[in-house]
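I opened my notebook for a quick look at strand pairing and aromatic contacts. Here is the entry I am working from.

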Amino acid sequence: MGSAGEARSGHTKRQAAQRRLLEMLDGLDVGEALPSERRLATELGVSRPTLRQAIDGLVAEGRLDRRHGSGTYVAEPRIAVPLTMSSFTEDMIRRGMRPGGRVLSFRTEAAGARIGRRLALSPAEEVFTIRRLRLADGATMAIETLYMPRGLMPGLRRQDLEGGSFYELLRADGVEIASGTETIEPTVTTEEESAELGVPVHMPAFLFERITRDAGGRPLEYVRSVYRGDRYRLELDLRPPAH
């Protein structure tokens, strides 16, 4: 019983320390440093281990950013992303942010077996393979690799996608998206992705894979996107099942 009581007491102290830290964050700006652990532990009246656990919880939630050898800082707020059939550009505009992007590579190549299966093409058919860096208010958010049948928009140019919405281009060309399938899984950034996003190697991230289709079921695109885990959280709109 004694150990259980001690565990409950430790949990309560950690929660209280987190509440006090959150109150402190309200008065600090993004990027501002927290006081030293020694000073914080004294101010909050908790032990250093309890304080570290409270900070660890806020780091995991994306509220704080711990930098090795430097200190702990107020993190950029995470962007809530609803799971809908909207584009990155539309999502950012809806949140009052300025979307942007840069095309990292733009090439035409044979679909191959793997991409061909996803786009219902023969391996020899040509696809556009477009790799883009996605930005919000000038900050890096995601690396996106878009595959689409070249025959869908044969006149597509690299500059058409610089900072623009692919879905808007499709609509302007008379192509309507009717449905899609998306999977999401946790991952970590590779060396290449980390360099492009400007984040540490093996940083936690979300891997999104999406196939969108027109009303006839024809695949229009296959997109593989790696979103920064420290800047994104997923948002689900849950409803009870119909009876």
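I began with strand E5 (residues 126–136), where 10 of the 11 residues are buried. For me, buried means under 20% relative accessible area, exposed means over 50%, and partly exposed is in between, using a 1.4 Å probe and protein chains only. I take strands from DSSP runs (E, at least two residues), numbered from the N terminus.

A note on what I am looking at: this is a predicted model, in which local features need pLDDT of at least 70 and side-chain atom pairs count only at pLDDT 80 or more, while totals for chains, interfaces and linings use all residues. Residues are numbered from 1 along each chain as its sequence is written, and side-chain values use heavy atoms, with hydrogens and water left out.

Next I asked myself how many bridges join strand E4 to E5. I found 11, with E4 (residues 99–110) and E5 running antiparallel. Two strands pair if DSSP finds at least two bridges between them. I noted one of the bridge partners: Pro99 goes with Ala136 in E5.

Then I turned to strand E6 (residues 139–149), which runs antiparallel to E5 and is joined to E5 by 10 bridges. Here I wrote down Leu135, whose bridge partner in E6 is Thr140. The hairpin of E5 and E6 has two residues between the strands, and in this hairpin Asp137 takes a positive phi near 50°.

**Aromatic rings**

I counted five aromatic pairs in the structure. Rings of Phe, Tyr and Trp (its six-membered ring) pair if their centres lie within 6.5 Å; planes under 30 degrees apart count as stacked, over 60 as edge-to-face, and the rest as tilted.

Why is the pair of Phe106 and Phe128 tilted? The planes of these rings are at 40°, with the centres 5.4 Å apart, so the pair is tilted. I like that this pair links distant parts of the chain: Phe106 belongs to strand E4 and Phe128 to strand E5, 22 residues apart. Phe106 counts as partly exposed at 21% relative accessibility, whereas Phe128 is buried at 2%.

My next stop was Phe166 and Tyr167, also a tilted pair, because their planes are at 50° and their centres 6.3 Å apart. Phe166 is buried at 3% relative accessible area, and Tyr167 is buried at 6%.

I also logged one aromatic cluster, formed by Phe206, Phe208 and Tyr227.

**A charge over a ring**

Last, I looked up which ring Arg118 lies over. Arg118 lies over the face of Tyr222, 4.9 Å from the ring centre. My criterion is NZ of Lys or CZ of Arg within 6 Å of the ring centre and within 35 degrees of the ring normal.

Notes: Helices (H or I, at least four residues) and strands (E, at least two) are DSSP runs, numbered from the N terminus.
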